[in-house]
Amino acid sequence: MAAAAEIGGFAAARIAAPALRPAPPAPAAVAPLQPRRAVAARSLRTTASETVTVDLAGATNGAVRALMNKEATTTEITSQAVAANSRRKTKIVCTIGPSTNTREMIWKLAETGMNVARLNMSHGDHQSHQKVIDLVKEYNAQNTDGNVIAIMLDTKGPEVRSGDVPEPIMLNEGQEFNFTIKRGVSTEDTVSVNYDDFINDVEAGDILLVDGGMMSLAVKSKTADTVKCEVVDGGELKSRRHLNVRGKSATLPSITEKDWEDIKFGVENGVDFYAVSFVKDAKVIHELKDYLKSANADIRVIPKIESADSIPNLQSIIAASDGAMVARGDLGAELPIEDVPLLQAEIVRTCRRMEKPVIVATNMLESMINHPTPTRAEVSDIAIAVREGADAIMLSGETAHGKYPLKAVKVMHTVALRTESSLYNSTTSPSLVAPTQVLLNEEFSPSQLSNMFGSHATMMANTLGTPIIVFTQTGSMAVLLSHYRPASTIFAFTNEERVKQRLALYQGVVPIYMQFSDDAEETLSRAISSLLKAQYVKEGDYVTLVQSGVTSIWREESTHHIQVRKVQG
């Protein structure tokens with residue numbers, strides 16, 4: 001049974017582990033708990049007119065009931081809720097390339113809305129990527145108010161590509177055209193491919209797609225070293241074009257020798273995430289994680305779901321990973337394009353169910369590579385990803401080599417923000433707002449307790465329209481709160497630099513690095529001061545304070561806290 005402890009005219013909810021079990025039908029009165037040295041230790045100059053009464057996991061169904069007394073007016077809370085919900089929650093991943101690899105552009109991307117800088121290892125070399133890593137780290141060192149840019153290294157993977165051609169070759173419908181495993185061939189009707197087993201992977205009747213379907217060819221026959229085709233959909237064939245076989249995945253290993261060199265480069269530079277291309281099964285993820293463990297590298301692994309072979313193994317791949325990316329380009333090349341929207345929704349649902357971040361990628365604003373405004377279909381595409389509950393949405397060529405990288409980020413920011421303004425209502429968007437957790441078993445694990453606590457903390461913050469402040473050493477409670485999708489921002493204070501960096505990917509989380517002192521109240525005061533300075537909150541706002549998780553900071557192991565406080569200058 002929950003108890004509300006009155007502290008200096010302030011009602012602070014304190015939950016101990018046994019209190020979350022189902023209460024008997026006629027519970028006896030329980031005396032208020034005595035305050036301990038924790039975040040709940042003292043009030044922040046609150047008065048009786050600012051009292052919040054909270055009943056968590058009571059004798060009914062575990063719902064949160066938060067009642068503001070009449071002195072704390074509805075207008076005051078409502079106006080704060082509007083302001084709290086004006087910050088974008090869906091994160092933006094930007095691919096850095098020739099259009100954006102300068103100090104000026106990286107700063108502008110960050111100020112416009114970039115949350116994660118992606119390094120595409122299919123292009124550039126270690127020297128050029130090192131420059132970008134150094135610039136992002138410089139930006140992070142200069143910005144300590146929560147505008148954190150994480151670094152994602154995206155492996156090239158086992159791509160099958162055509163060879164170099166001196167000038168583009170025009171392919172016309174009905175024309176015969178050949179691909180050969182001989183190196184260095186480039187004629188008007190034959191070019192090389194970079195993969196010796198290409199001959200064995202294709203059969204007569206297969207459809208070859210160039211650049212995800214920009215051109216297509218039907219396989220007619222093959223010899224010991226050449227695949228003979230007929231052009232179905234023509235166009236200009238340029239150097240090093242990506243080749244797919246419809247419905248099939250190449251038999252190459254998911255992590256190539258080049259990928260291992262790039263992964264080692266990432267370890268040396270302390271990147272935050274690996275996006276692993278063409279993952280077919282969980283074995284690849286386990287192999288990479290074993291290597292990272294041996295290298296003592298705290299880097300999270302995000303598989304790119306983009307091959308036909310990955311779909312039957314989707315559950316096990318995501319379970320073994322730290323999230324997933326819906327890489328729709330190759331996914332739509334290897335599988336029927338009409339399946340891609342359904343697969344996207346399934347991958348997002350699976351990640352959300354497993355409490356792991358999910359990125360929706362490829363072609364989101366493709367037209368803005370060359371044009372200053374998007375198509376209306378692209379705008380809808382962004383909105384759909386946000387409504388489905390994606391943690392992040394990604395720009396590729398738009399920011400890597402496009403003409404309007406900043407405009408593309410701005411469009412993505414404004415569309416996501418506008419879409420989010422219509423969400424976070426359990427009636428209108430039940431798929432986005434995670435259901436309230438209720439524990440029915442007499443025995444439960446710490447993780448079950450944390451889940452219920454995160455659920456009720458979210459409901460409480462939503463009821464009052466307040467941002468959430470969470471103190472975390474591992475990031476686990478911030479991640480859990482993100483899973484429950486509170487309507488306002490989660491300010492995650494951590495004393496671990498690596499935790500701060502990786503939390504930049506999670507929906508709704510603003511990670512802030514801060515050293516914790518032994519005095520919880522002093523740490524809390526510094527946290528609120530930093531939010532005031534950054535103008536994330538203002539004097540008179542209410543905030544929901546959360547302290548929970550597996551690792552104890554200022555509390556006993558099984559004690560959890562939720563508070564609501566009014567910010568004082």
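Guide: A crossover is called right-handed if, with the strands pointing away from the viewer, the path from the first strand over the helix to the second runs clockwise. Helices (H or I, at least four residues) and strands (E, at least two) are DSSP runs, numbered from the N terminus. This is a predicted model, in which local features need pLDDT of at least 70 and side-chain atom pairs count only at pLDDT 80 or more, while totals for chains, interfaces and linings use all residues. Residues are numbered from 1 along each chain as its sequence is written, and side-chain values use heavy atoms, with hydrogens and water left out.

Visitor: Which elements make a right-handed β-α-β unit?

Guide: The unit consists of β17, helix α7 (residues 314-320) and β18.

Visitor: What makes β17 and β18 a pair of strands?

Guide: Pairing requires that DSSP find at least two bridges between two strands. Strand β17 (residues 300-305) is joined to β18 by two bridges, so the pair meets that requirement, and the two strands run parallel. Within this pairing, Ile-305 has Val-326 of β18 as its bridge partner. Strand β19 (residues 358-361) also runs parallel to β18, with four bridges between them; here Ala-324 stands opposite Val-358.

Visitor: How do you know that both faces of β18 are covered?

Guide: Buried means under 20% relative accessible area, exposed over 50%, and partly exposed in between (1.4 Å probe, protein chains only). In β18 (residues 324-327), Ala-324 and Val-326 on one side are buried, as are Met-325 and Ala-327 on the other.

Visitor: Why is Ser-192 called buried?

Guide: Its relative accessibility is 5%, which is under 20%, and therefore Ser-192 counts as buried. Ser-192 is found in strand β10 (residues 190-192).

Visitor: Which backbone oxygen does the side chain of Ser-192 reach?

Guide: The side chain reaches the backbone oxygen of Lys-182 at 2.5 Å. A polar contact is a pair of N or O atoms within 3.5 Å; within protein, one must be able to donate a hydrogen and the other to accept it, and residues adjacent in sequence count only if both atoms are side-chain atoms. A polar atom of the Ser-192 side chain also lies 3.2 Å from the backbone nitrogen of Gly-184.

Visitor: What makes a set of residues a nonpolar core?

Guide: The members are buried Ala, Val, Leu, Ile, Met, Phe, Trp, Tyr and Cys residues joined through side-chain atoms within 4.5 Å. The largest such core has 63 residues, among which Tyr-274, Ile-347 and Ile-393 touch the most other members. Helix α12 (residues 405-420) contributes the largest share, six residues. A second, separate core of 25 residues includes Phe-179, Val-191, Tyr-195 and Val-227. In soluble globular proteins, nonpolar side chains tend to be buried together.

Visitor: Why is Arg-240 called exposed?

Guide: Arg-240 has 53% relative accessibility, which is over 50%, so Arg-240 counts as exposed. This residue is found in the loop between β14 (235-237) and β15 (243-245), and its phi is near 55 degrees, a positive value in a residue other than glycine. Most residues other than glycine have a negative phi.

Visitor: Why does Asn-363 count as partly exposed?

Guide: At 41% relative accessibility, Asn-363 falls between the 20% and 50% limits and therefore counts as partly exposed. Asn-363 is in the loop between β19 and α10 (376-388), and its phi, near 65 degrees, is also positive.
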